[in-house]
Amino acid sequence: MESLTNSYEQKETATWKKGVLDGLPIAIGYMPVALTFGLIAGATGLTVMEAVLMSMVVFAGASQYMALSMIALGSGALEIILATFIVNFRHLLMSASIHERAEKSSKKIRAVYAFGLTDEVFAVASSQEAPVRSGYIIGTGLAAYSSWVSFTAVGFFAGAFLPGLLQESMAVALYALFIALLVPSIKKEGKVVIMLALLGGVFHTVFQLWMSTGWAIMLGTIAAVILFEGIDRVVLKEVDEQ
């Protein structure tokens, strides 16, 4: 009986270690992004505790960068939380998908690996043969999470060694990063991303005439997606009728 227990524990440990090892490329890829986030967080006025706590609790790069820009614009907490919810809405679909492929486990275990399910962790876990072991997903997520949180702190302190003029100019890096995130999507999806970006820009420009920038960004994003989806459905319907 004891040998069976030891064998099970060894198998679980091996699965967890494989997850960590497979998560190392993700951890390495997160390093420069987390460093930049920590650096910009310091330039935005956050303390090291606030920057690291955001990485620990939110653990979503695009949302955190968006939150920084909204903080810099003076947006309220509710606007930032709702905007983060919208940006991360896709994680509901990813969690549902990985739940179908993962082994059966308790709600606590599922909650743990769902928290660490970033785009990259989802991609690596989904490439495994079903049923995917919970320990594997948690190990992969832990490698990514450790890198993201620790290098946020490193980036924050690294910013202190930069000249004051360079620290102030880091605000520009935020917009450069958003462009860097947008370009690969444009290359992949082409006109769809360009059209959504243009619609979002137009709606934001109109909405900010009557409301704060934070609300204008959030409602502009929702309106752009709804309008684009409506146009897409009408066009597809006409094509089907022909």
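A crossing of two helices is left-handed if the near helix is turned anticlockwise from the far one by less than a right angle, and right-handed if clockwise. Helices here are DSSP runs of H or I with at least four residues, numbered from the N terminus.

The model before you is predicted, so local features need pLDDT of at least 70 and side-chain atom pairs count only at pLDDT 80 or more, while totals for chains, interfaces and linings use all residues. Residues are numbered from 1 along each chain as its sequence is written, and side-chain values use heavy atoms, with hydrogens and water left out.

Let me begin with helix H2, residues 48-57, and helix H8, residues 134-159. Their axes come within 9 Å and cross at roughly 160 degrees; axes are lines fitted to C-alpha atoms, for helices over the stretch in contact, and angles run from 0 to 180 degrees between N-to-C directions. H2 and H8 are therefore roughly antiparallel, a term for angles over 145 degrees, whereas those under 35 count as roughly parallel. The crossing of H2 and H8 is right-handed. On H2, the contact (heavy atoms within 4.5 Å) involves Val48, Ala51, Val52, Ser55 and Met56. H8 contributes Tyr145, Trp148, Val149, Thr152, Ala153, Phe156 and Phe157. By class, this contact has 10 nonpolar, 2 polar and no charged residues; Ala, Val, Leu, Ile, Met, Phe, Trp, Tyr, Cys and Pro count as nonpolar, Asp, Glu, Lys and Arg as charged, and the others, Gly among them, as polar.

I turn to H5 and helix H7, residues 119-126. Their axes come within 11 Å and cross at roughly 20 degrees, which makes H5 roughly parallel to H7. This crossing of H5 and H7 is left-handed. The contact joins Arg90, His91, Met94, Ser97, Ile98 and Arg101 of H5 to Asp119, Phe122, Ala125 and Ser126 of H7. Its residues divide into 4 nonpolar, 3 polar and 3 charged.

Finally, two points of backbone geometry. Most residues other than glycine have a negative phi, and most peptide bonds are trans. Phe59, in the loop between H2 and H3, has a positive phi near 50 degrees. Pro131 lies in the loop between H7 and H8, and the peptide bond from Ala130 to Pro131 is cis, with omega near -5 degrees.

Key:
Helix = DSSP H or I, 4+ residues; strand = E, 2+ residues; numbered from the N terminus. Parallel < 35°, antiparallel > 145°, perpendicular 65-115°, else oblique.
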